[in-house]
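Let's walk through this fold together, from strand pairing to ring contacts and charged pairs. Keep the viewer open and follow along.

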Amino acid sequence: QVQLVESGGGLVQAGESLRLSCAASGRSFVMGWFRQAPEKEREFAATISGITGRINYADSVKGRFIISRDNAKNTVYLQMNSLKPEDTAVYFCAAGPLFSTRSNDYIYWGQGTQVTVSS
């Protein structure tokens, strides 16, 4: 069982930056970030493999968000730059064995952290 705890959410203005952190209680092969806006489906944002370092981003965040991880601390980060109002959502950290963009492939989930971007 792996527990995930996110932090770093908040309220910012458009164009500003935020960094999310997710601390895992154990080692996970793949860690990712998903987000869910009000009345919308949860969607993939970014993922990173702890073995190969391979990274994948959703097109909507590519070029603005940077995912990274510190394996020694079992922590994954999401640096979010040039934030837009449409980035407003609850951001969830997830962990699992597969390098995937599908939420069903992730086994462990955090509680989520709110990110609100005002225009």
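Strands here are DSSP runs of E with at least two residues, numbered from the N terminus, and two of them pair if DSSP finds at least two bridges between them. If you want a specific spot to look at, Glu6 stands opposite Cys22 in strand 3. As a reminder, strands of a sheet pair through backbone hydrogen bonds, either parallel or antiparallel.

Before going further, some bookkeeping: this is a predicted model, in which local features need pLDDT of at least 70 and side-chain atom pairs count only at pLDDT 80 or more, while totals for chains, interfaces and linings use all residues. Residues are numbered from 1 along each chain as its sequence is written, and side-chain values use heavy atoms, with hydrogens and water left out.

Asn74 is found in the loop between strand 7 and strand 8 (75-80), and its phi is near 50 degrees, a positive value in a residue other than glycine. Ser82 also has a phi near 50 degrees, again positive in a non-glycine residue. Ser82 is found in the loop between strand 8 and strand 9, and at 41% relative accessibility it counts as partly exposed. The scale is this: buried means under 20% relative accessible area, exposed over 50%, and partly exposed in between, with a 1.4 Å probe and protein chains only.

Next, the rings. How many aromatic pairs does the structure hold? There are five aromatic pairs, where rings of Phe, Tyr and Trp (its six-membered ring) pair if their centres lie within 6.5 Å, and planes under 30 degrees apart count as stacked, over 60 as edge-to-face and the rest as tilted. Phe34 and Tyr106 form an edge-to-face pair, 5.2 Å centre to centre with 75 degrees between the planes. Phe34 lies in strand 4 (residues 30-36) and Tyr106 in the loop between strand 9 (89-96) and strand 10 (108-109), so this pair ties together parts that are 72 residues apart in sequence. Both Phe34 and Tyr106 are buried.

Phe92 and Trp109 make another edge-to-face pair, at 6.5 Å centre to centre and 75 degrees between the planes. Phe92 sits in strand 9 and Trp109 in strand 10, 17 residues apart, so to speak a link between distant parts of the chain. Phe92 is buried, with a relative accessible area of 10%, whereas Trp109 counts as partly exposed at 26% relative accessibility. Ring pairs link Phe34, Phe44, Phe92, Tyr106 and Trp109 into a cluster.

Arg42 lies over the face of Phe92, at 3.8 Å from the ring centre, and over the face of Trp109, at 4.7 Å from the ring centre. For a charge to sit over a ring, NZ of Lys or CZ of Arg must be within 6 Å of the ring centre and within 35 degrees of the ring normal.

That leaves the salt bridges, five in the structure, each a side-chain nitrogen of Lys or Arg within 4 Å of a carboxyl oxygen of Asp or Glu. Asp87 is buried, and so is Arg35. Asp87 also meets Arg64 in a salt bridge (2.7 Å, N to O). Arg64 lies in the loop between strand 6 (55-57) and strand 7, so its pair with Asp87 ties together parts that are 23 residues apart in sequence.

Elsewhere, the side chains of Arg102 and Asp105 meet in a salt bridge (3.1 Å, N to O). Finally, salt bridges that share partners join Arg35, Glu43, Arg64 and Asp87 into one network.

Key
Helix = DSSP H or I, 4+ residues; strand = E, 2+ residues; numbered from the N terminus.
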